[in-house]
Amino acid sequence: MERFLVVGVGISSLVLLVAVACTQTRTITQDGLQVASLIQLISEPERCDGVEVQVLGFIDIEQHAIFLMPEDAEHDITKNALWLHLAETSQHLLEEHSQSFYGKVEGVFEADNLGPGNVYSGTLRDITKINRM
């Protein structure tokens, strides 16, 4: 009985730590951007809504999306991705790359914008950088 209680308390503590997300995480880039993981943005989007973030992941050129991993892009698992909303003035950031790659994207996270067909887990807009890692 005691073992189950300790495990339960340990798991509860871990869940609480994960739930801290954007509003309390203070990893900031030199440019003043919040560093956020895709998992963080997907699991608790309301905490980062409207926040300018830097996100790392697999950038799929054709889908204009950043995925957790290449297999998610290959199998079209869009719930493991954010759509990249590129204004006409920022299209060149993605067009500079000839194929999909692991990279870093900087932009503003929108929790309620689920991209074309409402199939993604959010959107990055006002994108200022897309860099290969």
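A contact here means heavy atoms within 4.5 Å, and the legends below refer to a predicted model.

**View 1. The whole protein chain and its order of elements.** The protein chain holds 5 helices and 6 strands, which follow one another along the sequence in the pattern α-α-β-α-β-β-α-β-α-β-β. Among contacts between residues at least 6 apart in sequence, 58% join residues that are at least 24 apart.

**View 2. The surface and the buried residues of the protein chain.** Of the 133 residues in the protein chain, 39% are buried. The accessible surface amounts to about 7900 Å², and carbon and sulfur atoms account for 56% of this area.

**View 3. The largest nonpolar core.** This core comprises 21 residues, and those with the most contacts inside it are Ile66, Leu124 and Ile130. Two or more residues each are given to this core by the helices α3 (38-43) and α5 (92-95), together with the strands β2 (52-60), β4 (81-84), β5 (101-110) and β6 (123-132). In soluble globular proteins, nonpolar side chains tend to be buried together.

**View 4. Another core, lying apart from the largest one.** This core has 7 residues, including Ala65, Ala73, Ala81 and Tyr120.

**View 5. The confidence of the prediction and the stretch 4-21.** The average pLDDT of the protein chain is 84, with 79% of the residues scoring at least 70. Over residues 4-21, by contrast, pLDDT stays under 50, and the model has 9 contacts beyond four places in sequence for this stretch. Where pLDDT is low, the predicted coordinates should not be read in detail.

Notes. Residues numbered from 1 in each chain as written. Predicted model: local features only at pLDDT ≥ 70, side-chain atom pairs only at ≥ 80, totals over all residues. Heavy atoms only, no water. Core = buried A, V, L, I, M, F, W, Y, C linked by side-chain atoms within 4.5 Å. Buried < 20%, exposed > 50% of the residue type's maximum accessible area, 1.4 Å probe, protein only. Helix = DSSP H or I, 4+ residues; strand = E, 2+ residues; numbered from the N terminus. pLDDT = per-residue confidence, 0-100. Areas by Shrake-Rupley, 256 points an atom, 1.4 Å probe, with all protein chains shown as cover.
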